[in-house]
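Visitor: I am new to this structure and would like to learn how to read it. Please show it to me, and then I will ask about its features one at a time.

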Amino acid sequence: MYKKLRIFALLSICIVGLAFSQVGLTGNIRGTVTLSPDETVLPGVSVILKSPALVLKQLETVTNESGAYRLHSLPPGLYEITFEMAGMDTVVRREISVSADVTVTLDVKMRPATLETSIVVEANAPILDQQTTAVNTVLSAEFIRAIPTQRNLDSMMNMAPGVNGNVSMGAGARDNNYNMDGVNTNDPETGTNAAAFNIDIAEEISVLTGGVRAEHVGGAGAVINVITKSGGNAFSGTLTGYYTNDKLLGDNTKKYPDLAKPTGNKFEIEPGFTLGGPILKDKLWFFTSLNYYKNEERIAGFPALSATEILQPQTRLTPYVKLTFASNQKNRFQATFSYDAGKTNYSDAVWWRTAEATSNLEEKTTAVALHWNHTFNSSFYTNFSVAYFKVKLDWVNNGQGTSYWDAANEVQYGSEGQDDLNDRQRFQADVDGTLFKDDFLGSHEIKFGVQFQRAFWIREINVYGQDDGYGQHLGWVDIYPGNWRDRYWWADFLSRVDVQKIGFFFSDAWAPIKRLTLSLGLRYDLDSTIFPKSTDTSQMSAPSGDFGYIGSPGDTWNMIVPETITAYSWKNFSPRLGLIFDVTNDGKTFLKANYARYTAPNYSFYAAYLNPVNWVGYCDGIDPDGNVYALWWTRVPGTNTRAGYKDHKLEAPRSDEFSVGLEREIFDDWSVMLRYTRRWDRKLIETADASQLDLDELMNSGRYIWTNWTPYTFTDPRTGKQLTAWSQNAYRASQNYIINPPDAKRDYKGFEISLKKRFSHGWELLSSYVYNDSRGMMDNYFSVYDSISPFYNDPNAHENAYGHLPAETRHEFKLFGLINGPLGINVSGSFRYLSGNPYTRRVNPRDLGVAAVRSSTWVFAEPRGSSRLNNRFLVDLRLEKRFQMSNSIAISAFCDIFNLLNDDAIDSIQTDDASWTTYNEVFGLEFPRYFRLGARIEF
């Protein structure tokens, strides 16, 4: 009985402490030592590892009976390995570059001793990973420091092949997985990156795009991994400063005189410092950083309806602290703390908003993590980690009344309608183990773990505008030509959504023969969305009621959760299968094939339509005489919204990915890769209204039968083609369901060729060409306002709905490089050719004579994605002069030139084609040429 209790207690501790896997903090070196020339394996060889990246003076291991050795959990850096054995020449290999989430395979041949000396082998280390099919773009500290770019994670991520606008190889923008020091920094509500930090703290940034292993949770997007610096056995640091102003800004609007308005930063300044060193040499290191950013930006045309310029100011403060401790070779610890405090006035300023129709954004993020790596023996080690991540986002309105949108004049004024206050937090932990076994049908590297997270989102909405007497406030009014108006009435609310995940994973890098590795993996995830019990109505102006006073008594609500509700839960198996074959049997050419299933993370925005405490309101139509002539819809969450439909249970969105590629080390430090990728996104989540659409027919046969709509045909005056618009027959109380419609899907195919030279001999090169083809109905870009589409509650959304998706960059060429030249003169830069993104012309049926259709109805006039914006040719350049003042102090001065060619590609255009708009009117261009000055002191 006592033994059973001990086992139960141990399991309980593990389950409570497990969560998000310690994603790719370290790399590994492995290999086999043989006797030259007959290649007999050599057991018992001492392997000694040294590096400035290690806290300890060195790590040691010995080759096993198969002559194999492994050095695991290595922080990114350059390493030296010594191989020693009595009676053998000592072999030393230097400049071994290790990156996070990468295994370096280094086989060594030893010779019988002839002299008492060592043989230093100058051959470069292998640069291809023989253990995984994942495509890994690694940005080194040297590259991050030198390349001219915006100093944020998004800019770094978008350097990877196939990644543009945070969309990776056609996947959804919410499908990326962001990590910093093992902490998942995805926003618990939206799924996008929520962490801001000083980019100078990064030792390395890696971007995985496809073929990721089972330990990585999340969807089919990129896995972004930031590894921060750790200090060292000697004190070192940097002082940096960046500056630009409007005197250093060019003008690329000559072709578009209507855009010749002031834009860009009036000024931008960013001072910062880093400092690292020993607290106890060879035991305890520290690293810290503090960065401050401030700018004032001119937004072209803002504010609307005013000749007085108003700048958009932004400030940001980002401190960071890290401690690294190694008590001995078997135990290593790491503790990190990151904080960001930012504020942006007029945060959503655009040319069509007045100043009072914007909000001030205050954002704060906190990330804390503890990691422990423990080695039991040469064949087994474990990682333990716990972390906490918090995001505070508050949009506070500059106006205090109703928000008005004047469609004819394209201007929003009066207010933004509401304050939106958000508190989002995640608790996570992890335990995983790695076991090596070399004597069972080949060699195995087996990794397994359990993952747990608990996240919650607290949201408070305060709506401005007149009260209708029943707790609804007139938040927004849309005004159309002829003074037809739609009014949107909303109640205040205070809500909470919890999301819980428990995941289990198992993977095995199995090499049945030396030339072949099979990467076998499986994930099992349990996800649930929970509405905690709540009776707090102090912040709610209308906690309960019905819409009987507007003619819809069937729509009732009660914004209280009397008992905890599990809104929905998912159970998902996700296989990951890969094959790596050494074609030339020399570790230089690999055929890699991969199949993987990814299931989308369960972010809390999915539950927005299910939570009883959420948006409650209605929309009515007002004629030019001020009379209510229609009730368009009501919004009542929870009580008339359900997860799944009858026997069709709500499932997690999933992506099936297949890729095949060839990698070749063509010269020392040079590699080339060709890869073909297909991906099928299925089971995407949407809302559907059974009062408007026959859901039985949709879910069982995929056919659309609209039960409350009448179709009208009309002629597109530009093309003469017949189009269809639909008019809603009558108001019906909504019957909303969160479902997986059969045609809610995306398809992607792409081809990639990349050429890389890692940093050596003072220079580095990354280049790639990617062909992308993304099609479907469901967008893959991110918009906080477009979480759910109208496809399954409004038939007008289906006209020409299928086609190329807006985030598709058909052809993409990227070239990044840096050269550390003589006399301390360094040059770095980038060239990017990016095809213009697709867009689609829309027409307004009412404007074209279909009087029965709402003024706010728009339909696509052509197949989706038929038109494209201009192609972009972007060249950025940095010129730097470095002065070596002493052995330990260097000063650098540099100038960054962005958009050197002053490219004027259109990035925003009028897609609405109506009598009150100018179709294809240019709204915005690529940012013009500008200069940024900078300096750095290294000590």
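Visitor: Which strand gives the largest share of the nonpolar patch?

Guide: First, the ground rules. This is a predicted model, where local features need pLDDT of at least 70 and side-chain atom pairs count only at pLDDT 80 or more, while totals for chains, interfaces and linings use all residues. Residues are numbered from 1 along each chain as its sequence is written, and side-chain values use heavy atoms, with hydrogens and water left out.

Guide: A patch is made of residues with over 30% relative accessible area and no salt bridge; like charges are joined within 9 Å, and nonpolar side chains (Val, Leu, Ile, Met, Phe, Trp, Tyr) within 5 Å. Strands (E, at least two residues) and helices (H or I, at least four) are DSSP runs, numbered from the N terminus. Here S40 gives the largest share of the nonpolar patch, three residues.

Visitor: Which residues form the patch, and what accessible area do they have together?

Guide: Accessible areas come from the Shrake-Rupley method with a 1.4 Å probe, and for residues only the protein chains shown count as cover. The patch consists of Leu579, Val583, Leu591, Phe658, Val660, Leu662, Leu674, Tyr676, Phe751 and Ile753, with about 710 Å² together. Two or more residues each come from strand S40 (654–667), strand S41 (670–682) and strand S46 (746–760).

Visitor: Is Leu662 buried or exposed, or partly exposed?

Guide: Buried means under 20% relative accessible area, exposed means over 50%, and partly exposed lies in between (1.4 Å probe, protein chains only). Leu662, in strand S40, has 38% relative accessibility and so counts as partly exposed.

Visitor: How many salt bridges are there?

Guide: A salt bridge is a side-chain nitrogen of Lys or Arg within 4 Å of a carboxyl oxygen of Asp or Glu. The count comes to 56. In one of them, Glu657 joins Arg679, with the closest N and O atoms 2.9 Å apart. Glu657 is in strand S40 and Arg679 in strand S41, 22 residues apart, and both are buried.

Visitor: Which parts of the chain does the pair of Lys501 and Asp525 tie together?

Guide: Their closest N and O atoms are 3.8 Å apart. Lys501 lies in strand S31 (residues 493–513) and Asp525 in strand S32 (residues 516–531), so the pair ties together parts 24 residues apart in sequence. Lys501 counts as buried at 5% relative accessibility, and Asp525 counts as buried at 1%.

Visitor: Which residues are linked in a network of salt bridges?

Guide: The network links Asp101, Arg213, Glu215 and Lys447.

Visitor: What is the strand order in the open sheet of three strands?

Guide: Strands of a sheet pair through backbone hydrogen bonds, either parallel or antiparallel. Two strands count as paired if DSSP finds at least two bridges between them. The order here is S53-S52-S58, with mixed pairing. Strand S53 (859–860) and strand S58 (912–913) stand at the edges with a single partner strand each, so one side of each lacks a neighbour in the sheet. S53 pairs with strand S52 (residues 842–843) in the antiparallel sense over two bridges, and Arg842 stands opposite Phe860 in S53.

Visitor: How many helices and strands does the protein chain have?

Guide: The chain has four helices and 60 strands. Of its 939 residues, 57% count as buried. Its C-alpha atoms fill a box of roughly 105 × 75 × 55 Å along the principal axes.
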